[in-house]
Amino acid sequence: MLSAEHVQVSRDDAVGVITIDRRERFNSLDVRAAQELRRAGLQLARDETVRVVVLQGVPGIFCTGADLKYVDAGGDPDDLRYLTPPGAPQVPGGHGEIFKQILEYLHSTISEIERAPKPVVAAVDGVAAAGGFGIAMACDLVIASERASFEWAYGKTGLSGAESATFFLPRLIGLRRALELVLLNPRLDASSALAMGLVTAVHPTERFDAEVLGLAHRLAAGPTRAYGVAKRLIRQAAGGDRLDAHLDQELEHLVRIADGSDFAAGLEGFLAKRSARFAGK
C-alpha cells in the first residue's frame, strides 16, 4: 500500500480509497501533495485487482485546490526543481510558474480518472472549492454528505479556472448554468448541487462513510470490465477525447492570468480575508 505524507491509499477488498489529508491547509495542495495524489491515482487506476476507486478528503473537507499560501510564498525550491531537467538553470518565475508545477500533477491525475477502466467515485464531505470542485466533477459519480458544499471560487482570486472545471461544467449542467456558477459564484449546498445535476446522491453525514462504501462494494461486485468499456464510450460521446487538449489550454491561460495584477489583488484579498478590488487586468 502506498503511504505518503498528505495522500493516503487504503484497500477494502476490491475497493481502493484515496484520502487527501492536509487538514491544516483545508486540503489544499502544494507541489508535493499534488505529486502524491497523482501517484495514488496512477496506482489505483492501473491496478487490475482494484475494481472501484473512491476519492475523498478528511471528514468535513474534500479539497480546496491549489495551496494559495504556498503560491504566495514562492513555493519550495526543492519541489519546483522536480520538473526541471538536470543541469538546467533555475529561472525564477512568478505566481504562474508555481501554479504550473502544481497543475501539471493535478491535470495528470484528472486524465487518469478519465482513462481508468473502472468507476471512480468522489466522496464529498465538506467543502469542494476551486480545484477541489474541478476534481470532483471529473469523477464518474459524486456522492455528497448533507454538509457538503460546492463552489467555483476561482473568480474570488481573479483566476480563470483549471482542474477540468471549465471542461465538465457545461457538459454536466449546460451552458447557461455553467456561466451562472462561473460569473456569480454561488456556494451550493448539497441539495442545490443535487438539483442542479452536479452530484449523484446526498446522504446524512452520520451515515455518509457507510453509504459511500456500500455503493463502492456494490459497483465492485458488478461487471466492472463492462462498466469500464461503457464509461469510455459514454465519455467519448461527451467529448472526453478532447479533455487532455482542454486541460493544456486551462493550464496555459491560468498561468498567464496568475502573473497579472488581478490575481495579485485577489491573492492579497484572500490572505487578508477580505474581498479583492479588481482592475480587469
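A search of the whole structure finds 15 salt bridges, a salt bridge being a side-chain nitrogen of Lys or Arg within 4 Å of a carboxyl oxygen of Asp or Glu. The structure is a predicted model, in which local features need pLDDT of at least 70 and side-chain atom pairs count only at pLDDT 80 or more, while totals for chains, interfaces and linings use all residues. Residues are numbered from 1 along each chain as its sequence is written, and side-chain values use heavy atoms, with hydrogens and water left out.

Side chains of opposite charge can pair when their charged atoms come close. Glu 112 and Arg 115 form a salt bridge through their side chains, at 3.2 Å from N to O. The two residues are three apart in helix α4, and Glu 112 and Arg 115 are therefore separated by about one helical turn. Helices (H or I, at least four residues) and strands (E, at least two) are DSSP runs, numbered from the N terminus. Glu 112 is buried, with a relative accessible area of 6%, whereas Arg 115 is partly exposed, with a relative accessible area of 47%. Buried here means under 20% relative accessible area, exposed means over 50%, and partly exposed lies in between (1.4 Å probe, protein chains only).

Arg 115 also forms a salt bridge with Asp 244, the closest N and O atoms being 3.4 Å apart. Asp 244 lies in helix α11 and Arg 115 in helix α4, so this pair ties together parts that are 129 residues apart in sequence. Asp 244 counts as partly exposed, at 36% relative accessibility. In a further salt bridge, the side chains of Glu 151 and Lys 156 meet at 2.8 Å, N to O. Glu 151 is buried, with a relative accessible area of 4%, and Lys 156 counts as partly exposed at 49% relative accessibility. A network of salt bridges links Arg 22, Arg 25, Asp 30 and Asp 67.

A pair of aromatic rings is described by the distance of the centres and the angle of the planes. Three aromatic pairs are present in the structure. Edge-to-face geometry describes the pair of Phe 99 and Phe 263, with 5.4 Å centre to centre and 70 degrees between the planes. This pair links distant parts of the chain, 164 residues apart: Phe 99 is in helix α4 (residues 95–115) and Phe 263 in helix α12 (residues 261–272). Rings of Phe, Tyr and Trp (its six-membered ring) pair if their centres lie within 6.5 Å; planes under 30 degrees apart count as stacked, over 60 as edge-to-face and the rest as tilted. Phe 99 is buried, with a relative accessible area of 3%, and Phe 263 is buried, with a relative accessible area of 0%.

The rings of Phe 167 and Phe 168 have centres 5.0 Å apart and planes at 85 degrees, so this pair is edge-to-face. Phe 167 is buried at a relative accessible area of 2%, and Phe 168 is buried at 8%. Over the face of Phe 167 lies Arg 171, at 3.7 Å from the ring centre; a charge sits over a ring if NZ of Lys or CZ of Arg is within 6 Å of the ring centre and within 35 degrees of the ring normal.

Helix α12 also holds Asp 262. Asp 262 is buried yet has no salt bridge, and the nearest side chain of opposite charge, Lys 281, is 8.4 Å away. In this assignment Lys and Arg count as positive and Asp and Glu as negative, while His and the chain ends are not counted. Apart from its neighbours within four places in sequence, Asp 262 is in contact (heavy atoms within 4.5 Å) with Thr 157, Phe 278, Ala 279, Gly 280 and Lys 281. The buried residues in α12 include Asp 262, Phe 263 and Leu 267, and what covers the buried residues of α12 includes α2 (68–72), α4 and α11 (243–258). Just after α12, Lys 273 takes a positive phi of about 60 degrees.

Two further buried positions were examined. Ser 149, in strand β8 (residues 149–151), is buried, with a relative accessible area of 11%. Gly 131 is found in helix α5 (residues 131–138) and is buried, with a relative accessible area of 0%. Leaving aside neighbours within four places in sequence, Gly 131 is in contact with Thr 64, Gly 65, Tyr 154 and Glu 163.
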